[in-house]
Amino acid sequence: MTIHDLVIRRADVPDVQAIADAHRDSIQSLGSAFYDRDAIGAWQSGISAELYRNAMQYGEVFFVATGTLDGQQRVLGFSSDYSIGGPVHGTSVYVRGAAARQGIGRALLRRAEAHAVASGA
């Protein structure tokens, strides 16, 4: 699939539902190659827009990749950076199945890592 108009930017509260949707898509489309249906169901059961809204309020910083895929503008994936304590940070990256293997995950990870380093990691 060809992606047009790719932009990676810092996410904000209006993005939380799109982040949740991209997270579910990634788990379902990519995770199913490695996990059974029960594991997939359990993994995505707690995903909601509220999860990301709360994470943002507690200091987790999210980045989204947006672009046009199948004629629709959407969040194609996201990454995050969060402080675990002192210079130790954690990151996560999820990309929609249709957008995988196009360098989006790598670009999102680099953005989260750069934020972690700038924040003292």
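Figure 1. R9 is partly exposed at 31% relative accessibility, where buried means under 20% relative accessible area, exposed over 50%, and partly exposed in between (1.4 Å probe, protein chains only). The structure holds 4 salt bridges. The model is predicted, so local features need pLDDT of at least 70 and side-chain atom pairs count only at pLDDT 80 or more, whereas totals for chains, interfaces and linings use all residues. Residues are numbered from 1 along each chain as its sequence is written, and side-chain values use heavy atoms, with hydrogens and water left out.

**Figure 2. Salt bridge between D21 and R24 in helix α1.** The closest N and O atoms of D21 and R24 are 3.2 Å apart. Both residues belong to helix α1 (residues 16-30), where a spacing of 3 residues separates them by about one helical turn. Helices (H or I, at least four residues) and strands (E, at least two) are DSSP runs, numbered from the N terminus. D21 is partly exposed at 33% relative accessibility, and R24 is likewise partly exposed, at 23%.

**Figure 3. Salt bridge between E50 and R53 in helix α3.** The side chains of E50 and R53 meet at 2.7 Å, N to O. They lie 3 residues apart in helix α3 (residues 49-57), about one turn of the helix. E50 has 40% relative accessibility and counts as partly exposed; R53, with a relative accessible area of 27%, is also partly exposed.

Figure 4. One aromatic cluster is formed by Y35, W43, Y52, F62, F78 and Y94. Rings of Phe, Tyr and Trp (its six-membered ring) pair if their centres lie within 6.5 Å; planes under 30 degrees apart count as stacked, over 60 as edge-to-face and the rest as tilted. A search of the whole structure finds 6 aromatic pairs. In one of them, Y35 and W43 have ring centres 5.3 Å apart and planes at 75°, so the pair is edge-to-face. Y35 is partly exposed, with a relative accessible area of 45%, and W43 is partly exposed, with 34%. Y52 and F62 are likewise edge-to-face, because their planes stand at 85°, with ring centres 5.7 Å apart. Y52 lies in helix α3 and F62 in strand β2 (residues 61-69), so this pair ties together parts that are 10 residues apart in sequence. Y52 is buried at 4% relative accessibility, as is F62, with a relative accessible area of 3%.

**Figure 5. Largest pocket and its lining.** The largest pocket has a volume of about 330 Å³. Of its 17 lining residues, S26, L30, V93, V95 and A100 are the closest to its centre. The elements giving two or more residues to the lining are α1, β4 (88-95) and α4 (104-118). The lining divides into 10 nonpolar, 5 polar and 2 charged residues; Ala, Val, Leu, Ile, Met, Phe, Trp, Tyr, Cys and Pro count as nonpolar, Asp, Glu, Lys and Arg as charged, and the others, Gly among them, as polar. On a 1 Å grid over the protein atoms alone, a pocket is an open set of points where a 1.4 Å probe fits, with protein on both sides within 12 Å along at least five of seven lines, and lining residues have an atom within 4 Å of a point. Grid points are joined across faces, edges and corners, and a volume is the space filled by probe spheres set on the points.
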